[in-house]
Amino acid sequence: MDISPGYLVSLTIFAAIYALFGLGLNLQWGFTGLINFGHVAFMTLGAYTTVLLSLQGVPLLVAPIAGAALAALLGLLMGISTLRLREDYLAIVTIGVSEVIRLIVNNEDLPIGKEWRSGVFGIQGFPLPLDTWNPNLLMKLLAIALLTAIATLAFWQLWRWIDKEWRQGKSRGVTPIGSLLLGIAGAILGLVAYVAEAIALYNYTYKAGLMLLVLLVLTVIFWGLGRLVNSPWGRVLKAIREDEEVAKALGKNVFWYKLQSLMLGGAISGIAGAFYAWQLATVYPDSFQPQITFDAWTIVILGGAGNNVGTLLGAIIFWTYYEVTRFVLPGILPLDDARLGAFRIMVIGLLLIVLMMMRPQGILGKKEELTLGR
């Protein structure tokens, strides 16, 4: 198993992208109660908009913002047409929307540079952020300092969770061994990743710069979402999740709040799509299969719905499992790659079933805040 700095940087990028993607879904479902099974549509639109605009000469700072705006517009259109439907119908319609968008970019001609080409051939050779940046020693040290600040915030959040679990366990007269072991494992994994990322920044490559950029964006969005969901606006979303009739009785425009949640969650996922395209350095329609939506659902359910820290934890656990099994299982099971991939999905599905039986609220979620299947 390759544990070189480059490999850990790539793993960090994927985990951060899926954490962003999961934060958008967590806002829609975890905080508002909207069952969206077509969440990948926002990522698709964000990725393609960013790539196509950058090929037309639009600055890389502007292109992902435009992608997020179009993803929010998609959320507006989806919301106007679906939010008055019942939860199961909403889920079905959102799946259909995501597949329609994927089929459009697969079958239609797209403006790739100065020519129109079929989307089925994908898009390659588009501009990448920080690709040509050649930092001097001072800039490398500043980048490492920024990474250190982000890592410090992450370890502080981890410590707060361990301390909270310890205090709650002691108040019930039990020792939270599972939480302590999970916290210790997270700290060790985080420390190893931090050292590898710092080394990668010092020996600068494009992926190291992308890693720092996505971590910075993730930190800002995580902080902003935290402020929002703890504001009066966020408390209205939680009230809608619990019982929207009560929110209506209190004079709140439930439809408008749901629409805002769908649009903001879509915009965040559109930004995740831009980073996804930059990480892959190529964009194909098959890169946005419905499975990505259900990976995000796995992350949110695993970490705990309605908890942004849980979404980050879920993304880390998901990608750690995904990569460890990719290297370990071939030496255990005599299966080809396709069957091994299906088996890995089956195993994580089984683990989710066990988790839902033992702790349905997820690792960091609150049982009283469950919304699925109510």
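**The hairpin, a surface patch and a helix contact**

Tutor: In this predicted model, strand β1 (residues 109-112) has a covered face made of Leu-110 and Ile-112, and an uncovered face made of Asp-109 and Pro-111.

Student: In which sense do β1 and strand β2 pair, parallel or antiparallel?

Tutor: Strand β2 covers residues 115-118, and four bridges link β1 with β2. The sense of the pairing is antiparallel.

Student: Which residue in the turn between β1 and β2 has a positive phi?

Tutor: The two strands form a hairpin, with two residues between them. In that turn a phi of about 70 degrees is found, and the residue that carries this positive value is Gly-113.

Student: Is Leu-138 buried or exposed?

Tutor: Leu-138 lies in helix α5 (residues 137-171), and it contributes to a nonpolar surface patch of about 440 Å² together with Leu-130, Trp-133, Met-139 and Leu-142. The cut-off for the exposed class is over 50% relative accessible area. Because the relative accessibility of Leu-138 is 56%, this residue counts as exposed.

Student: How far apart in space are Leu-313 and Ile-363, C-alpha to C-alpha?

Tutor: Leu-313 belongs to helix α11 (residues 308-328), and, leaving aside residues up to four places away in sequence, it touches Leu-182, Ile-363 and Leu-364. Leu-313 and Ile-363 are 50 residues apart in sequence, while their C-alpha to C-alpha separation in space is 8.7 Å.

Definitions and conventions: Residues are numbered from 1 along each chain as its sequence is written. This is a predicted model: local features need pLDDT of at least 70, side-chain atom pairs count only at pLDDT 80 or more; totals for chains, interfaces and linings use all residues. Side-chain values use heavy atoms; hydrogens and water are left out. Contact means heavy atoms within 4.5 Å. Patches are made of residues with over 30% relative accessible area and no salt bridge: like charges are joined within 9 Å, nonpolar side chains (Val, Leu, Ile, Met, Phe, Trp, Tyr) within 5 Å. Accessible areas come from the Shrake-Rupley method with a 1.4 Å probe; for residues, only the protein chains shown count as cover. A salt bridge is a side-chain nitrogen of Lys or Arg within 4 Å of a carboxyl oxygen of Asp or Glu. Buried means under 20% relative accessible area, exposed over 50%, partly exposed in between (1.4 Å probe, protein chains only). Two strands pair if DSSP finds at least two bridges between them.
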